[in-house]
Amino acid sequence: MYLEIVSPENTLFSGEVTSVAVPGVNGEFEMLTNHAPIVSILTKGHIKVAGNAIQLEKEVEAKFTKSDKGVWLAINSGTLEMKDNKLIILAD
């Protein structure tokens with residue numbers, strides 16, 4: 001699936017991923033390829049992105065935490081929309 005994470009300043013990430021876990025208002029949930037369409041509000045927590053070859057731009061690399069399972073991005077709030085294997089996250 002294709003993921004795009006956008007902040008008020010710039011695009012933090014865009015590319016193909018295998019899964020994304022987010023901090024929803026009712027708890028963390030995960031989206032995989034072919035997830036049903038959804039719009040959700042996000043709360044303070046971490047966006048967890050897993051994929052085979054996640055490439056981060058140098059100017060935003062410091063905002064992410066890398067692990068052996070992927071990358072994490074701390075957020076204060078946000079919204080997301082998932083439709084047709086494209087996930088857009090507006091994060092603050």
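The accessible surface of the protein chain is about 5500 Å². Carbon and sulfur atoms contribute 50% of that area. The model is predicted. Buried residues account for 39% of the 92 residues in the chain.

The secondary structure comprises 10 strands and zero helices. From the N terminus, the order of elements is β-β-β-β-β-β-β-β-β-β. The radius of gyration is 12 Å, which agrees with the value near 12 Å for a compact globule of 92 residues. The C-alpha trace spans about 30 × 25 × 20 Å along its principal axes. Among contacts with a separation of 6 or more, 54% join residues 24 or more positions apart. The chain carries 8 positive and 12 negative charges.

Two residues were examined individually. Ser7 lies in the loop between β1 (2–6) and β2 (11–16). Its relative accessibility is 10%, so Ser7 counts as buried, the limit being under 20%. Beyond its neighbours within four places in sequence, Ser7 is in contact with Leu12 and Ala91.

Glu81 belongs to strand β9 (residues 78–83). Glu81 is partly exposed because its relative accessible area is 39%, and that class falls between the 20% and 50% limits. Residues up to four places away in sequence aside, Glu81 touches Ile38, Val39, Lys86, Leu87 and Ile88. Glu81 and Ile41 are 40 residues apart in sequence. Their C-alpha atoms are 9.2 Å apart in space.

Methods: Residues are numbered from 1 along each chain as its sequence is written. This is a predicted model: local features need pLDDT of at least 70, side-chain atom pairs count only at pLDDT 80 or more; totals for chains, interfaces and linings use all residues. Side-chain values use heavy atoms; hydrogens and water are left out. Helices (H or I, at least four residues) and strands (E, at least two) are DSSP runs, numbered from the N terminus. Buried means under 20% relative accessible area, exposed over 50%, partly exposed in between (1.4 Å probe, protein chains only). Contact means heavy atoms within 4.5 Å. The radius of gyration is taken over C-alpha atoms; the globule rule is 2.2 Å times the number of residues to the power 0.38. Accessible areas come from the Shrake-Rupley method with a 1.4 Å probe; for residues, only the protein chains shown count as cover. Lys and Arg count as positive and Asp and Glu as negative; His and the chain ends are not counted. The place of a charge is taken as NZ of Lys, CZ of Arg, CG of Asp or CD of Glu.
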